Amino acid sequence: MSQIKPLFLLLMVLPLLSFSQVEMKWNKEVPTKILWQEVTSLGNLIVSSREELIGIDTETGAISWGKRAFGNLDRAAFEELPNSPFFSVTTSNSLHLIDQFSGDEVFNSKNAGLQKVANYHLLFNSDAILVSGTDYNGEPLMVSVKMSDASLSWSMNEKFGRIVAANELDNQELLIVTLFNNYKLNADTGEVIWKKANSKEAVQIDKMGKFGALLKQAAETVSIDMDIQLQYYQPEGSDVFYLGSQKERQGGMTSSNSPINYSNNYNAYNINDGSLIWTKELEVNGALSQIYFLDKGMLVLPDDGNRTKINLFDYKTSEGLWGKKGRGIAIKGGVYDYLDSGEGILLVSRTANKDFLNYLDPTVGAITFEKPVKVDGTVVGIVPLANSILYITTEEMNILDHHTGTLMWKKSIRTSPRLTAEHQDKIYAFDYSSGLIKVVDKADGQVSDFSQVELQFDGKESPSNLEILEDGIFIHSDQNVAKFNFDGSLVYQEYYAAPKEAGWKRALLYASSIRAAYIGATSYYVAGAMAAAENDVRQKDEVSGEIVSQIGNAYGELGNAASSYAGTAFRKANARLKATKQARDFMFIMSKQEKDIVLLKVSKTTGKVAGEINLGKDREPLYAVDDITGQVYYQTGDVLLTSYMAR
């Protein structure tokens, strides 16, 4: 019996070990009561307390920086700025931009002499923040502030009006587009190189003198809260740039139930002197959508619902080159995406309730399909294969033979972007219809069943993510996990019940979607994975959704920028991007244990709990998760913050 006892004790202890507390990394006090905390998309921990806004060193828990001016800050006054290392703080009388790494203030509207900020633009190549608004006398003011030290580079009282776009050009020059004028400035000095009215109508208003000035002022006032749709285009190597704008098109009889009609209008400008190239503005029916520059002209792909016409317009004259009398080619639905396959252009369009695929031969200006291919859901990813095109929508996946306009599979795989993954020239996708994982051979497009048993999750959940591991395929929802071997056999399936309070999961949802967005940045259908992650978060938090939508190749654009802040953000984003490429053997699941709420570390190898963080009975816990590093930050007291590290 003495030989059996140690074995018996070991068996009793093992279950306890599997539910052990996740390793505590640090436990620190802050000077005053914690109000809220946030992990940024770049992995920095920001904490708001009664007396100051604090940046926390995530490795040690020490306070890296503090801003006493922003004590007792409401969460709504804090906003992480997409595509940058900055966040903004809005107070009752000023706007501040802060570097999330150092806590340095890179812009202060009061110090810059601005009583009211209309808009601002981050210009990383010029190491500048361009801000426009009004000074304390109510006069228009534009300032350029250096990011590196927050010093004022230049200011001017030019009546720019509302700035709708600011673009960095070569040779330290800026192109600024306003409602009525375009400007080319020296980025270092603010010197106006040229100023030109950006339309014939603007020229006429300028000729009206004081009355024209009143019209401009009225238009500026009306447009303050309007979301102006304006796009800037400049083909690579060209000395011409284009501005496309969207306007409401007035019809005849209208009612409150009538759909709003739009036109998209284009002008072409010489970038050297700002002069208009076309004698009149190009107007195309439909909402502003896609533009593609071909050798012979500018291909305009608008969104005008069932009335859409696409056309190629001559670069010099803006004359339409396709269709009867140059009026364009009719297409089913409004275009919202396209793919240049080399031989032609795949067009993705939609009507009020259906989406379609068409194929354009740009050499002759003709649609090659006899009839458009109808698809279910919104197309979010397109993958060129050897002799065909794989597409994925929010609801299905199939392969299109773009030579014949037919689909390879009679029955589409009912799936979503986050339920597909590429591995060794194959694409694995969970099919909602059958409950099976399908496998697609990219070489020949053949599809077959991969898994052997129908997968059904508990708690009325459906699978939401699929991931390729070294030893199999991991698939999960919020509360369910399952794993398949590469021979298609089921290894395990587990379910962990969710807490009743939905608010518990917000921080975890945001963190997992940030991770998914980074992973999506390197996937073969970037837009699809990103769109799925973004949509998940937007349903809970619009601002957070905007941040998720900007992750990916956005930070890659900062790699060669002049600003040191851009370099810091680029390096940190790249490090986090690399971290997501490394397989991780666990996931976080929020669950309940008797009357307590627990954040579980669930092993992807076994599907079992490998550790937990007990969040107690607190109905509104203050916790934040970095799902890339596996670090969890939990407020364990009024002034006490504890970090756990799941490895």
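This tour visits a core, some aromatic rings and one serine. Before you start, please note that the model is predicted.

**Stop 1: the largest nonpolar core**

Select F588, L599 and V625. In the largest nonpolar core, which has 17 residues, these three touch the most other members. Now colour the elements around them: α4 (506–520), β44 (586–593), β45 (596–603), β47 (623–626) and β48 (631–635) each supply at least two residues of this core.

Stay on L599 and show its surroundings. Leaving aside neighbours within four places in sequence, L599 is in contact with L508, F588, I589, M590, G611, E612, I613, V625 and V632. For a second, separate core, select L81, F124, I129 and L141, which are among its 15 residues.

**Stop 2: aromatic pairs**

The whole structure holds 16 aromatic pairs. Select W26 and Y633 to see one of them: the ring centres are 6.0 Å apart and the planes lie at 35 degrees, so this pair is tilted. W26 belongs to strand β1 (residues 24–29) and Y633 to strand β48, so the pair ties together parts that are 607 residues apart in sequence.

Next, select F586 and F588. Their ring centres are 5.5 Å apart with planes at 75 degrees, so the pair is edge-to-face. Both F586 and F588 are buried.

Then select Y233, Y242, W278, F293 and Y315 together. Ring pairs link these residues into a cluster.

**Stop 3: charges over rings**

The charged end of K601 sits over the ring of F586, at 5.3 Å from its centre. For another example, select W36 and R75: here R75 lies over the face of W36, 5.2 Å from the ring centre.

**Stop 4: a serine in a strand**

Finally, select S289, which is part of strand β22 (residues 287–293). Which residues does S289 touch, not counting those up to four places away in sequence? They are L301, P302, D303, V335 and Y336.

Definitions and conventions. Residues are numbered from 1 along each chain as its sequence is written. This is a predicted model: local features need pLDDT of at least 70, side-chain atom pairs count only at pLDDT 80 or more; totals for chains, interfaces and linings use all residues. Side-chain values use heavy atoms; hydrogens and water are left out. Helices (H or I, at least four residues) and strands (E, at least two) are DSSP runs, numbered from the N terminus. Contact means heavy atoms within 4.5 Å. A nonpolar core is a set of buried Ala, Val, Leu, Ile, Met, Phe, Trp, Tyr and Cys residues joined through side-chain atoms within 4.5 Å. Buried means under 20% relative accessible area, exposed over 50%, partly exposed in between (1.4 Å probe, protein chains only). Rings of Phe, Tyr and Trp (its six-membered ring) pair if their centres lie within 6.5 Å; planes under 30 degrees apart count as stacked, over 60 as edge-to-face and the rest as tilted. A charge sits over a ring if NZ of Lys or CZ of Arg is within 6 Å of the ring centre and within 35 degrees of the ring normal.
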